[in-house]
There are 2 protein chains.
Amino acid sequence: MADEALFQFLHSEIIQYVNSVESGESENGRCVSKLESMGFRVGQGLIERHISDCRFTKDTPRFKDELDFMKFICKDFWTSVFKKQIDNLRTNHQGIYVLQDNKFRLLSQLSSGKQYLEHAPKFLAFTCGLVRGALSNLGVKSIVTAEVSVMPACKFQVMIQKM
Amino acid sequence: MADEALFQFLHSEIIQYVNSVESGESENGRCVSKLESMGFRVGQGLIERHISDCRFTKDTPRFKDELDFMKFICKDFWTSVFKKQIDNLRTNHQGIYVLQDNKFRLLSQLSSGKQYLEHAPKFLAFTCGLVRGALSNLGVKSIVTAEVSVMPACKFQVMIQKM
């Protein structure tokens, strides 16, 4: 049995539940922010676990610069969560990185068509938090946003916050 | 990076969130029932996906009786979700099955000690639903309950509902 599906189904249950709970005027905003903070804590947890596993195997990850952190997110981290690497990484060399996933797994449940684009932020919020949480536990403060151009492709923009 | 952790962290976020939302008099009961129904839908989804994968590979699963269904849950299904098999399966041959997991992954976050036992139902509800949902999509109606004796061991009792 394939186990990637577990994360997808669970993620979709969370969106539905959070969406049903966080109702009110700024409904969509609260739902997105709640999902983002859940992702943040999960991202932190995954990196903590990874670092402690590395200590155990004495295979400590070494990062020489910011770009190294981002490569780790695009390869190891993305593969662990989404079973594929990020397809394209771009940077302006001034702290902004754009990670493009041409077939983002968590958008596959959402039907394509412009009328569904308005729901996309809910399907991307958890992952924005996941990346921000992972980077945060690697000692890098960031702001992460996402946008969909043509489903199921999407871009995550990471702005590194200089200390 | 190990990916089992993703499910564990996400599961724990859901418990925290549902618990914070479903407050009131029968707080614990509503939280448990909400988690159970989330598990139910995820279990259904996993089996749907599995059956459609099997059709694709023409490797259709065959079950000759009730016990065969339960063995599938204890081996394939459990391994896919929890990365280990159920340690012990017992039955009274009258529709009651007891599945014992000696080191249940989703209890590992919960500290041992009797004072934490009262929180155990929240940590087991999603999985009860998961099993019930999986069996339901295999055409078997059931009631699934769980109990912890000594953490992190626990037993899931499945009562098959005869049609």
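What volume does the largest cavity have? In this predicted model, the largest cavity has a volume of about 160 Å³, where a volume is the space filled by probe spheres set on grid points that are joined across faces, edges and corners. Residues are numbered from 1 along each chain as its sequence is written, while chains are lettered from A and ligands numbered from 1 in the order in which they are written. Because the model is predicted, local features need pLDDT of at least 70 and side-chain atom pairs count only at pLDDT 80 or more, whereas totals for chains, interfaces and linings use all residues, and side-chain values use heavy atoms, with hydrogens and water left out.

The interface of chain B and chain A takes 32 residues from each of the two chains, contact meaning heavy atoms within 4.5 Å. The area buried between the chains, that is, the accessible area (1.4 Å probe) that two parts lose on being put together, summed over both, is about 3,100 Å², and carbon and sulfur atoms give 72% of it. Two salt bridges are counted between chain B and chain A, a salt bridge being a side-chain nitrogen of Lys or Arg within 4 Å of a carboxyl oxygen of Asp or Glu; B:E13 and A:R41 meet in a salt bridge, with 2.7 Å from N to O.

On the side of chain B that touches chain A, α1 (4–21), α2 (27–57) and α3 (66–82) of chain B each supply at least two residues, helices being DSSP runs (H or I, at least four residues) numbered from the N terminus. The most is given by α1(B), with eleven residues. This side of chain B divides into 19 nonpolar, four polar and nine charged residues, with Ala, Val, Leu, Ile, Met, Phe, Trp, Tyr, Cys and Pro counted as nonpolar, Asp, Glu, Lys and Arg as charged, and the others, Gly among them, as polar.

Two cavities of 30 Å³ or more are found, a cavity being a set of points on a 1 Å grid over the protein atoms alone where a 1.4 Å probe fits but cannot get out, and lining residues having an atom within 4 Å of a point. The largest cavity is lined by 14 residues, of which A:D3, A:L6, B:D3, B:F7 and B:K83 are the closest to its centre. By class, this lining has six nonpolar, one polar and seven charged residues, and α1 (4–21) of chain A, α1 of chain B and α3 of chain B each supply at least two residues of the lining.

How values were computed: 1 Å grid on protein atoms, 1.4 Å probe; cavity = no way out; pocket = protein on both sides within 12 Å on 5 of 7 lines; lining within 4 Å.
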